[in-house]
Amino acid sequence: MEAPRKGHRNPELAAIAVQRALGEAGLAVHDLSYLIGHTATPARLMPPNIGQVAELLDYGGPFVEFRQACTGFANALVFAQGLLRASAGPIAIVGSETGSVFFDPVRAAEDAGQLVNMVQMGDGAAAIILARDDDRVGPRLSQVYYGQIGRGRVPGLTVADGGSYTPRCSIGFPEFQHDFAAIHRSGLELLLHCAAAAERTGGGAADYVLPHQANGRMDTILARPLGLAAERIIVTAGRLGNTGSAAMWLALAPVRATL
């Protein structure tokens with residue numbers, strides 16, 4: 001029932017992340033050829049959240065936004081890959097969430113989903129700058145794979161109210177609804193499917209695995225199925241929480257520093 005603190009609105013967090021990524025890359029905002037955002041908790045439904053990010057950055061180029069949470073990074077990468085193959089200049093991708101405002105403490109005792117919201121739905125933003133490979137020495141994104149595990153599956157996470165299909169919010173405001181049974185049925189299957197595809201695409205086993213940052217125990221959950229030592233599975237959710245759209249870029253940042 002309350003808004004984010006001043007300076008911590010979704011587009012403000014996203015703009016800070018892009019500025020810091022540009023600084024690390026030695027670039028200015030006018031060097032970008034495209035700005036891509038992905039979030040499930042925009043500051044407002046229209047105009048797009050990334051439009052406000054562009055305004056804060058004083059960016060005058062094209063931008064696009066994906067309304068996805070944890071998987072938004074994947075579509076953003078595929079989109080950016082196509083642009084770079086078409087000889088586009090540097091591209092910024094930023095994932096951002098302000099999910100904490102959707103936690104309802106009054107209903108936490110009666111709705112297990114609200115307890116999950118309290119633990120998982122955090123606020124944060126992280127960005128990455130992508131450009132064509134210039135053959136310089138250093139780590140790079142060399143393979144991009146996008147896939148799914150089939151149609152006819154119910155979503156594990158939904159914000160059903162507030163859209164045009166159900167414009168009226170049943171409890172007064174939109175909320176995240178969790179289908180725990182669906183997540184239990186399909187979650188691990190999806191992760192293992194992606195891991196196997198990544199191994200095929202990359203031409204061999206990985207030294208480290210950076211999985212979906214659902215919780216702080218992903219390393220122990222995935223170690224045996226993946227045949228890897230737990231310390232080779234990168235998990236930051238135990239320290240940073242599940243930040244949705246920002247989670248993968250947040251987890252990638254400390255790994256890059258060690259490569």
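The following legends describe close-up views of a predicted model. Local features require pLDDT of at least 70 and side-chain atom pairs pLDDT 80 or more, while totals for chains, interfaces and linings use all residues. Residues are numbered from 1 along each chain as its sequence is written, and side-chain values use heavy atoms, with hydrogens and water left out.

View 1. The structure holds four aromatic pairs (rings of Phe, Tyr and Trp, the last by its six-membered ring, with centres within 6.5 Å; planes under 30 degrees apart are stacked, over 60 edge-to-face, the rest tilted). Phenylalanine 73 belongs to helix 3 (residues 72–85) and tryptophan 249 to helix 8 (residues 247–256), so the pair ties together parts 176 residues apart in sequence. Helices (H or I, at least four residues) and strands (E, at least two) are DSSP runs numbered from the N terminus. Phenylalanine 73 is partly exposed, at 22% relative accessible area, whereas tryptophan 249 is buried, at 6% (buried, under 20% relative accessible area; exposed, over 50%; partly exposed, in between; 1.4 Å probe, protein chains only).

**View 2. Edge-to-face pair of phenylalanine 102 and phenylalanine 176.** The ring centres of phenylalanine 102 and phenylalanine 176 are 5.4 Å apart and their planes stand at 80°, so the pair is edge-to-face. Phenylalanine 102 lies in the loop between strand 3 and helix 4 (112–120), and phenylalanine 176 in the loop between strand 5 (157–158) and strand 6 (177–178). Phenylalanine 102 is buried, at 17% relative accessible area, and phenylalanine 176 is buried at 6%.

**View 3. Surroundings of leucine 130.** Leucine 130 lies in strand 4 (residues 123–130) and is buried, with a relative accessible area of 11%. Not counting residues up to four places away in sequence, leucine 130 touches Leu77, Ala80, Leu84, Gly89, Pro90, Ile91, Ile93 and Leu141 (contact: heavy atoms within 4.5 Å).

**View 4. Helix 2 and its cover.** Asn49, Ile50, Gln52, Val53, Ala54 and Leu57 are the buried residues of helix 2 (residues 49–57). Their cover includes helix 1 (10–25), strand 1 (34–38), strand 2 (63–66) and strand 3 (91–98). Just after helix 2, aspartate 58 adopts a positive phi of about 60°.

**View 5. Cysteine 194.** The sulfur of cysteine 194 is 12 Å from the closest cysteine sulfur, that of cysteine 70, too far for a bond. Cysteine 194 is partly exposed, at 33% relative accessible area. The model contains zero disulfides (pairs of cysteine sulfur atoms within 2.5 Å).
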